[in-house]
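Hi,

Here's the structure I promised to send over. Have a look at it first, and then read on for what turned up.

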Amino acid sequence: MAGTTADEFEFECPQCGEQFEVNDGMREALLERGCPVCTSAVTETAFSSLSSR
């Protein structure tokens, strides 16, 4: 993926399975507020760094 930086992650909700790419700010918001689709709590394990691909 062109332009991918270390501050980009793939999010996968452990509850509903929703997946999308997020930046660091969005990642922090998800950790605080939970999944925007199902409102399930989110932990660090829901994210994978796109730079490691």
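Does Ser40 count as buried or exposed? Buried: its relative accessibility is 17%, and the cut-off for buried is under 20%. Bear in mind that this is a predicted model. Ser40 lies in the loop between helix H1 (24–33) and strand E3. Setting aside neighbours within four places in sequence, Ser40 touches Cys13, Gln15, Gly34 and Cys35.

Two of those names, Cys13 and Cys35, come up again in the largest nonpolar core. That core has nine residues, and besides the two cysteines it holds Phe9, Phe11, Val22, Leu30, Val42, Ala46 and Phe47. Leu30 has quite a list of contacts, again leaving out neighbours within four places: Phe11, Phe20, Val22, Cys35, Pro36, Val42 and Phe47.

Ser51 is another serine to look at. It sits in the segment after strand E3 (47–49) and, at 44% relative accessibility, counts as partly exposed.

As for the overall picture, the chain has one helix and three strands, running β-β-α-β from the N terminus. Of its 53 residues, 25% are buried. Among contacts between residues at least 6 apart in sequence, 41% join residues at least 24 apart. The accessible surface comes to about 3500 Å², with 47% of that belonging to carbon and sulfur atoms.

Cheers

Note on methods. Residues are numbered from 1 along each chain as its sequence is written. This is a predicted model: local features need pLDDT of at least 70, side-chain atom pairs count only at pLDDT 80 or more; totals for chains, interfaces and linings use all residues. Side-chain values use heavy atoms; hydrogens and water are left out. Helices (H or I, at least four residues) and strands (E, at least two) are DSSP runs, numbered from the N terminus. Buried means under 20% relative accessible area, exposed over 50%, partly exposed in between (1.4 Å probe, protein chains only). A nonpolar core is a set of buried Ala, Val, Leu, Ile, Met, Phe, Trp, Tyr and Cys residues joined through side-chain atoms within 4.5 Å. Contact means heavy atoms within 4.5 Å. Accessible areas come from the Shrake-Rupley method with a 1.4 Å probe; for residues, only the protein chains shown count as cover.
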